[in-house]
Amino acid sequence: MDVIDKRLLFELDKNSRQPVTKLAKKLRLKRNMVEYRINQLVKNGIIRRFVTLFNPLAFNDQLYKIYLQLQNIDKKAEEEMIRYFQSLPLYWLAKSYGRWDFLVGIRANSPNEFNKIKLELLSKLEDHIINKNITMMVNAPFFDRDYLVGNRMHTNIKYFLEEIKIHLDEKDKQILQLLSTNARIKAVDISQKLKVTIKTVIEHIKKMEKSGVIIGYKISLNLEKIGYKHMKVFISLKNVSEKDHKRFVQYCMSMPNLIHLVECLGEWDFEPEFEIQNEKELYAILDNIRYEFSKIIKTIDVVTIVKEYEYKAY
């Protein structure tokens, strides 16, 4: 992968729905060359998916996460477990190494609905669960992969959980379903599938972008193929003032390898996610955080995300 591929990945991560003509202009390449490079990145498994980010509050959903430490899991049992997880109303599913074996992100309209899902899951997997934990997400900005082009600071932040008021009609939901499968699907293809005009499709998409239902469009990468690892950190704080909280968030947002900053209610307070080349790089980042915020850092834990599984968000 050369410098141009990295710039292309960066641009697609900023907005994976950008037309090829716009990408060609930014990269100063011919349109057919940009199309070829995108196709090669997909063919070689570097780009896994073109992802549409939705605001779950538009669907009256709250986001919960169940963390599982497991035992007595052979390959067959793991495959069955993953299929079961994928049958749930997911917003994220990952396998990890470290304290937790699986991280299961659940969408639910209410605490009661989530509790039913949780009880069913715990009952179904009771012979395998050694330990569990649960959090509820309260904030979760996404960041562009600035490290791909050597940017020292994040210039674009996508906020995941912002209050909005909008009525989604059936056509909106059908379009979102198609976008959730492939963010780069063309308006003409959507119009043919839904038997509506291209103008109608474009109007619906623009309405949902403007209202904040659609937060943005990114890419899911096979990090191993570009020499990076996905590390998720769990940070618990103590005696945090509003000023400390703000300073901590701003400090985290200044780190170019940060891709996601989850704030949650539970045993820990923050789950920053990094894409780094090696553990030594991450430990240097965490040492700096610990030194800078020594008075409020309580604990820091780390897992390596080894696989993210596909699912239909809506």
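The model is predicted, with local features requiring pLDDT of at least 70 and side-chain atom pairs counted only at pLDDT 80 or more, while totals for chains, interfaces and linings use all residues. Residues are numbered from 1 along each chain as its sequence is written, and side-chain values use heavy atoms, leaving out hydrogens and water.

The axes of helix α9 (residues 242-253) and helix α10 (residues 279-292) lie 12 Å apart, and the two helices pack at an angle of about 160 degrees. This makes α9 roughly antiparallel to α10 (an angle over 145 degrees). The crossing of α9 past α10 is right-handed, that is, the near helix is turned clockwise from the far one by less than a right angle. On the α9 side, R247, F248 and Y251 meet N288, I289 and E292 of α10, contact being heavy atoms within 4.5 Å. Three nonpolar, one polar and two charged residues make up this contact of α9 with α10.

Turning to the histidine, H154 sits in the loop between β6 (142-143) and β7 (157-158). Because its relative accessibility is 12%, H154 counts as buried (under 20% relative accessible area, with a 1.4 Å probe and protein chains only). Its side chain joins that of D146 through a polar contact of 2.8 Å, a term for a pair of N or O atoms within 3.5 Å, one able to donate a hydrogen and the other to accept it within protein. A polar atom of the H154 side chain also lies 3.1 Å from the backbone oxygen of L258. Apart from neighbours within four places in sequence, H154 is in contact with F143, D144, D146, M253, M255, P256 and L258.

Note on methods. Axes are lines fitted to C-alpha atoms, for helices over the stretch in contact, and angles run from 0 to 180 degrees between N-to-C directions. Helices (H or I, at least four residues) and strands (E, at least two) are DSSP runs, numbered from the N terminus. Angles under 35 degrees count as roughly parallel, over 145 as roughly antiparallel, 65 to 115 as roughly perpendicular and the rest as oblique. Ala, Val, Leu, Ile, Met, Phe, Trp, Tyr, Cys and Pro count as nonpolar, Asp, Glu, Lys and Arg as charged, and the others, Gly among them, as polar. Buried means under 20% relative accessible area, exposed over 50%, partly exposed in between (1.4 Å probe, protein chains only).
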